Amino acid sequence: EEFLNRLRQTEPQIRSFLHVSENAIREAEEIDGKIERNEELGPLAGVLIGVKDNICTIDMPSTGGSRILANYQPAFDATAVKKLRDQGAIIVGKTNLDEFGMGSTTEGSGFQVTSNPWDVSRVPGGSSGGSAAAVSARQCVVALGSDTGGSVRQPASFCGVVGLKPTYGRVSRFGLMAYASSLDVIGCFGSSVADTGILLHSISGHDRLDATSSEREVPDFAAQFISENFLESKPLKGLRVGMISETLGDGVDKGVISSIRVAASHLEELGCIVTEVSLPSFSLGLPAYYILASSESSSNLSRYDGVRYGNQVAADELISLYGASRANGFGPEVKMRILMGTYALSAGYYDAYYKRAQQVRTLVQKSFKAALDENDILISPAAPSAAYKIGEKKNDPLAMYAGDIMTVNVNLAGLPALVLPCGFVEGGPTGLPVGLQMIGAAFDEGKLLKVGHIFE
Ligand code: GLN
């Protein structure tokens, strides 16, 4: 009740939710009943969780932030959601996002604009801006988002919360609406590293409904913090931290750079050995990402044709029905991505764009591998600036895309990355949070969470 009251009070300013569950109180009462009857409780019993609206829920609409799916109610829960419910969690509602995850501000939602709780005239980041704002405003305890090119990490940075992008394949994508399938991953938001690690543990693991989900064993990420004398054993002594030099130069706000440098010296105080490391292919990641993500999305979004999926606009013949349904249902950013992707994949341009972008992807993977052979983790800012004003980049998509420079490479390489607050820059009533990004080797989330927990 306390959370729901807070949600009701703050929602008129923040607008993080597209839908709030009508069952939350009843589900909480069921848990109270179990407590009274001394029945066994799941590890997440009663924990209120927000879920990004591109993740399917059987009891609430799931729109992906798109008008083409307005009122769509799936016949199933996404595997991640099912796992949470099986462990006793209460899904409190569906959070706002840029349409189908395409955007970095949440202004691209087909329904509403979400505000940053630190300064309501600013964007919460995106595309999982609703989930980040909801955790930041304490409207829920933790939340799920999705990260194709930074959509968990950048909003976590803008909203001053913890965000985790797991290794590609760590979490089942079954029930996540596909944007760019080779990059998409469901990620976690929390107000502490421990909470975020517990959430990751509860949704991870192989799923026969997603052939790309990994069979790797899932460690109990949070258990490592709980051991006695954990800090006294100086767990970070000798840990090699590589600060990515390409992320601390031109185009990055001075206040952001100095926050990252302060964070690096804090890591040194904790016993880490911090050095600078170069990722030569770093700047190529952004154009390659936008070619690949748009190409994959142009294919994935073909299912929304008004027949298989999506609201239908009636027409005399089938082709016009497709055209009218898509013209009416998709917003401008989605239409632009479909055009870009279709162009990049078309005969005659495929070699020049898609194939070259795939080659860059291999380069990016190799340069991360080399840097992570020399270092345990890599660090960088999560975004080149703190949260900016609503409307500031709305009519300048290239400026918005450029803001993804810190995050997209990690998706191209499929690696895990943790973002956590590390400082403030001036702005808004009380200053604006800056996020530190820690990148690890594949399936090494445990190390990131350990370092993050001690850092925090
Ligand atoms: N801003 C990036 C894009 O628009 C990333 C989005 C995401 O991770 N879903 O593609």
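Helices (H or I, at least four residues) and strands (E, at least two) are DSSP runs, numbered from the N terminus. The structure is a predicted model, in which local features need pLDDT of at least 70, side-chain atom pairs count only at pLDDT 80 or more, and totals for chains, interfaces and linings use all residues. Residues are numbered from 1 along each chain as its sequence is written.

**Stop 1: the loop between β3 and α4**

Select Phe 100, which lies in the loop between β3 and α4. Its phi is positive, about 55 degrees, although Phe 100 is not a glycine. Most residues other than glycine have a negative phi, and most peptide bonds are trans. Phe 100 counts as buried because it has 31 C-beta neighbours inside 10 Å; a residue is buried if 20 or more other C-beta atoms lie within 10 Å of its own, exposed if 12 or fewer, and partly exposed in between, with C-beta atoms placed from the backbone.

Move along to Ser 127, in the loop between β3 (90-95) and α4 (129-136). The peptide bond that leads from Gly 126 to Ser 127 is cis, with omega near 10 degrees. Ser 127 is buried, with 33 C-beta neighbours inside 10 Å. Apart from neighbours within four places in sequence, the contacts of Ser 127 are Leu 97, Asp 98, Gly 101, Met 102, Gly 103, Ser 104, Thr 106 and Ser 151; two residues are in contact if their C-beta atoms, placed from the backbone, lie within 7 Å.

**Stop 2: the annotated positions and the ligand**

Select Lys 52, Ser 127 and Ser 151 together: UniProt, in an unreviewed entry, places the feature "active site" at these positions. They are spread over 100 residues of sequence but cluster in space, the largest C-alpha distance being 10.9 Å. UniProt positions are given in the numbering used here, feature names are shortened, and annotations may be inferred rather than shown by experiment.

Ser 151 is found in the loop between β4 (142-146) and α5 (153-159). It is buried, with 36 other C-beta atoms within 10 Å. Once neighbours within four places in sequence are left aside, Ser 151 is in contact with Gly 101, Gly 126, Ser 127, Ser 128, Gly 145 and Ser 146.

Now display the ligand. Which of the 14 residues around the ligand come nearest? They are Gly 101, Ser 104, Thr 148, Gly 149 and Ser 151; a residue is near a molecule if its C-beta atom, placed from the backbone, lies within 6 Å of it. The shell around the ligand divides into 3 nonpolar, 9 polar and 2 charged residues. Here Ala, Val, Leu, Ile, Met, Phe, Trp, Tyr, Cys and Pro count as nonpolar, Asp, Glu, Lys and Arg as charged, and the others, Gly among them, as polar.

**Stop 3: from β2 to α3**

Is Asn 71 buried or exposed? Asn 71, in the loop between β2 and α3, is exposed, with 8 other C-beta atoms within 10 Å. Its phi is near 70 degrees, a positive value in a residue other than glycine.

Asp 77 is found in the loop between β2 (48-52) and α3 (79-86), and is buried, with 23 other C-beta atoms within 10 Å. The C-alpha atoms of Asp 77 and Met 60 are separated by 9.7 Å, the two residues being 17 residues apart along the chain.

Continue into α3, where Thr 79, Ala 80, Val 81, Lys 82 and Leu 84 are buried. These buried residues pack against β2, β3, β4, β6 (186-190) and α6 (193-203). Just after α3, Gly 88 takes a positive phi of about 100 degrees.

**Stop 4: the nonpolar core**

Select Ile 49, Val 142 and Phe 189, which touch the most other members of the largest nonpolar core, a set of 123 residues. Such a core is a set of buried Ala, Val, Leu, Ile, Met, Phe, Trp, Tyr and Cys residues joined through C-beta atoms within 7 Å. Beyond four places in sequence, the contacts of Val 142 include Val 47, Ile 49, Phe 189 and Leu 199.

Then select Val 162, in strand β5 (residues 162-165). Val 162 and Leu 420 are 258 residues apart in sequence and 4.6 Å apart in space, C-alpha to C-alpha.

**Stop 5: helix α12**

Finish with α12, whose buried residues include Tyr 353, Val 360, Phe 368 and Leu 372. The buried residues of α12 pack against α9 (285-300), α11 (332-345), β9 (377-381) and α14 (408-413).
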